[in-house]
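Subject: Structure handover

Hello,

Here is the structure I promised to pass on. Please open it first, then read my notes below.

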Amino acid sequence: MTVIKETDFGTPAVHAATTVRLTIDGRQIDVPAGTSLMRAAAEAGIEVPKLCATDMIDAFGSCRLCLVEVDGRRGTPASCTTPAEEGMVVRTQTDRLKGLRRGVMELYISDHPLDCLTCAANGDCELQDMAGAVGLREVRYGYDGSNHVTPRDTSGETNPLYRPQDQSNPYFTYDPSKCIVCSRCVRACEEVQGTFALTIEGRGFGSRVAAGMNEDFLSSECVSCGACVQACPTATLQENSVIDIGLPEHSKVTTCAYCGVGCSFKAEMRGEEVVRMVPWKDGKANRGHSCVKGRFAWGYATHRDRILNPMIREKITDPWREVSWEEAFAHTARELRRIQHQYGREAIGGITSSRCTNEETYLVQKLVRAGFRNNNVDTCARVCHSPTGYGLGQAFGTSAGTQDFDSVEDTDVMIVIGANPTDGHPVFASRMKKRLRQGARLIVIDPRRIDLVRTPHVEAAHHLPLKPGTNVAVLTAMAHVIVTEGLCDERFIRERCDWSEFEDWAAFVAEERHGPEATAAYTGVDAEALRQAARLFATGGNGAIYYGLGVTEHSQGSTAVMALANLAMATGNIGRRGVGVNPLRGQNNVQGSCDMGSFPHELPGYRHISGDETRQIFEKLWGVELDSEPGLRIPNMLDAAVHGNFRGLYVQGEDILQSDPDTKHVAAGLAAMECVIVHDLFLNETANYAHVFLPGSTFLEKDGTFTNAERRINRVRKVMSPKNGYADWEVTLKLAEALGLDWSYRHPSEIMDEIAATTPSFAGVNYAMLDQKGSVQWPCNASVPDGTPIMHIDGFVRGRGKFIRTEYVATDEKTGPRFPLLLTTGRILSQYNVGAQTRRTANSTWHAEDRLEVHPHDAEQRGIRDGELVKLASRSGATALRARITDRVATGVVYTTFHHPDTQANVITTDYTDWATNCPEYKVTAVQVSPANGPTDWQQSYSAQAEAARRIAEPEVEPAE
Amino acid sequence: MAAADEIQSAQQATARAIAGAHSHREGALLPILHAVQEEFGCIPPQTIPAIADVLNLSRAEVHGVVSFYHDFRDTPAGRHVVKLCRAEACQAMGGAALAEQLLEDLDTGWSGTTADGRLTIEPVYCLGLCACAPAAMIDEKPHGRLDAARLTTLLSELAP
């Protein structure tokens, strides 16, 4: 095993229709026109020395090390900035070049410390490599002169040029004394990440890299994505983990277990210890970029809070008792069978995890269907993107986004609605920003002024700050403008869609009551701005829609998804690069968990359980008869529990108590059950109500696959042994065995083989193929062996695209005198979901608590000042948290995140749900805000219960003699 | 403290107004920085985020530009600015000694301002007056063939 070395081609790849042929060092090479000489050489395996060039960023031409000679031309041009031309004859190694390069290196090294042996980058330093490559043997200038290296000069005076290390960022250190001012970090921050947090300060010899206005990194605009650290050719920007541990000795490519972008990383290891996670340039979702979570926040995997031994207890008021795995499995199986015997086959169920692998999810739903013999299986997508599955399934025929992420490179107009990509999907947001800087236009539809509305070098053409809960009215009004102003793409609609359905829909949206002027009164969106935005989307070229939970988590979530599909079809924006309807999915494998048959009504591949043909496939393979009736959804399970006819639940990798709406109702449902089995890394909030705790494993400890928001199936590879003893799929397997099922999987690849054998859209997927191709986007089968980056190219999967009327129905959750404000919820860059992972990392440096964003006007009316504790109350409950006064939210709207269990924003949210899918209406709750002087009663009783429920009994020890 | 805050926010508002007046221009940043320095005698650091915001740049970018140019200051200069040439020709003609003497007489250093706030002495590398070295520029006006006496006279003729 060795560390995976990626070739650095020096400058980015060029896509050109024509190629040119040139000769470099006697070798003939064909490259796309416009390719740099440096890249052309690298593609032929010729390494030109370089320092300021790297292929993630554009050429800069500052280090003067990559000079070459070109026959017939004077001088020694820099190979990174010189494009290859037909017939060029280039020499990369001549005596003249050698002399020049040594001279350049000599100058660099004269202002660089000579501490290679004790340097953190020893062995992984491009400066060191280049000194070797050019044969540097002496530095005639000496080291006594002016320099940035030593704190004091030879006479003991303070060296004004010296700057100490900046260790403010918890994950990396900036050591200016090692900086060669190549600007790679500055350019990576600008071109790759798009934050522009770094600059070169000063001029000439005094030039230094500075964050913000020469601030420390933490207080600058830096978002800690790690692009600068990755770009740095020296130890100037270095991961603290490398400083602490040393260099890795082997690595494996795996997939990040945070958001739905699904970034590929090289897990660089020393033995079983992770040294660092480095984004993989061949990863097709992230193209070599990362964010603060995937790059740095993996420390939770070895956090002391992890539970490593199975535990059981009779009652939730008892302390936990650690037991052997055998006892845990036997006990659990006994309990589940007892409950079924006593209360009926339907009295138990399971919840699959959007954080676990496809294979693990498949096994849990199989356990429920084949082992529990019912269809009471659901997944956390219920509470996030179930409307996406339903809405897009109805309109197009597939329950998934239509594009790959690369498609954004051809987008001319983006609609971002109900999503906050720079916080929720940061790596894709960077790709969006890159395209926007190239000139694409942006329409943001969001109650809040998210960062994308205006961030350095990016500004939305239109921001429509609608009232929470009025998505459908706004989208229908946009359709109204497009239809009534004659902006529809009639040819596309006639070719691809059902014309009579379109006519019906067009007549519906054209009604005056749907126009922006008529709807402005309750949407709060300026009619003229909406008209301009609609015109821009219809006429601005390739239009792509990106949306998130701000669309789905509403009482009309499914309707809003259909409204987006209508807009895309009406404007002909489906079926090619640069367009489409694209859900930004929240969790790493929420797409996969839906694909794997986690819903009570669907078998893998979105096939309804009532379909005899589909059921027979599984019945034959599994050797059991399957129930043809859909089972219970999560809210129904909890309702049934309260009513007494649902008594046992197996929850894998999900914290329903914290993440599901109306916490009190969830708690009541869980408390009414007799056997709640929580299978997780930590004693999460749900575990406070559990009777069995099965320790889970992290993504670093298992093999499998995750499917990201673009339907891309990425490999997850095991880099360390499970600290708890078993990977999650093995735990489910052993539980199934204890229940008497005869399962014989030896490796997750065999589970994938079963998925492929039973599910047409996965028919072509297997581990050997994934190892070879890196990743593949489903559908992948005999007709599309390489997968499907873009769907509906020649026609919709369902046949003809379906236009569906989208009547706006206001939610029942209404403001009134007691609850005059609307609360909407979201997330923040540094934390993830319920925070179980990120709160156990240094990411809390950025976001240590949930804050309530309040508009200055609303704050003033209530006498609330910035940073003060406020009580946030709804019809469901009340909690207390600190206020942040900001005009990012409109008056009448307040906003918070739900990352911290001591805030429990979901004690506020109600149990209203999407009409079609029961997806909770997290994004709209009528609330009141008032000054508070301490936690609410509920918070106090909750934390007392949590503390009591987390007690673990000391193991009984034999008394000493 | 409150007064300092008020001055800061007034400066930010002024900088914002200046930036807004120029923001339609191509390459607006340099004209804005000149106008801000004209207004305050320097580019007060707290105005940088305001200028960045108007142009939709990051504050790092604006800081990078401000710190690149010698002529943008972060604190106001004295009432008169004296730029003494330190380039080769002037050095050869006794410029170095002249400068050393002046700094000693005024009890200040390079880029320093006299205690009474009257004079700021700055180095400059060539004023294009090599033929009449040593040279200096006093409040935008070039002077050649300097010696200690002439320099003292010139400075004494300046307004207090």
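Chain B has 7 helices and 4 strands. Helices (H or I, at least four residues) and strands (E, at least two) are DSSP runs, numbered from the N terminus. Starting at the N terminus, the order of elements in chain B is α-α-α-α-β-α-α-β-β-β-α. The C-alpha trace of chain B spans about 50 × 35 × 25 Å along its principal axes.

Before going on, note that this is a predicted model: local features need pLDDT of at least 70, side-chain atom pairs count only at pLDDT 80 or more, and totals for chains, interfaces and linings use all residues. Residues are numbered from 1 along each chain as its sequence is written, while chains are lettered from A and ligands numbered from 1 in the order in which they are written.

Chain B has 160 residues, and 31% of them count as buried. Buried means that 20 or more other C-beta atoms lie within 10 Å of the residue's own; exposed means 12 or fewer, partly exposed is in between, and C-beta atoms are placed from the backbone. Contacts are also counted on C-beta atoms placed from the backbone: two residues are in contact if these lie within 7 Å. Take the contacts in chain B between residues at least 6 apart in sequence: 60% of them join residues at least 24 apart.

**Where B meets A**

In chain B, 12 residues are in contact with 19 residues of chain A. Helix H4 (residues 59–68) of chain B gives the largest share of that side, 7 residues. By type, the side of chain B that touches chain A has 5 nonpolar, 5 polar and 2 charged residues. Here Ala, Val, Leu, Ile, Met, Phe, Trp, Tyr, Cys and Pro count as nonpolar, Asp, Glu, Lys and Arg as charged, and the others, Gly among them, as polar.

**Chain A: domains**

The domain assignment of chain A gives domain 1 (19–133), domain 2 (172–302), domain 3 (323–378 + 592–777), domain 4 (386–583) and domain 5 (821–948). These bounds come from an automatic or database domain assignment. In chain A, the C-alpha centres of domain 2 and domain 4 are 34 Å apart. Their contact takes 14 residues from domain 2 of chain A and 11 residues from domain 4 of chain A. On the domain 2 side, 8 are nonpolar, 6 are polar and none is charged.

UniProt, in an unreviewed entry, lists "domain: 4Fe-4S His(Cys)3-ligated-type" at residues 96–135 of chain A. That span is 57% helix and 0% strand, with end C-alpha atoms 14 Å apart. The unreviewed UniProt entry also lists "domain: 4Fe-4S Mo/W bis-MGD-type" at residues 249–305 of chain A. Residues 249–305 of chain A are 9% helix and 35% strand, and their end C-alpha atoms lie 28 Å apart. UniProt positions are in the numbering used here, feature names are shortened, and annotations may be inferred rather than shown by experiment.

**Chain A: a covered strand**

Which residues of strand E32 (residues 851–854) of chain A are buried on each face? A:Arg851 and A:Glu853 are buried on one side, A:Leu852 and A:Val854 on the other. E32(A) pairs in the parallel sense with strand E34 (residues 878–885) of chain A, over 4 bridges. Pairing requires at least two DSSP bridges between the strands. A:Val854 has A:Ile885 as its bridge partner in E34(A). E32(A) also runs antiparallel to strand E35 (residues 893–897) of chain A, joined by 3 bridges. There, A:Leu852 is the bridge partner of A:Thr896.

Best wishes
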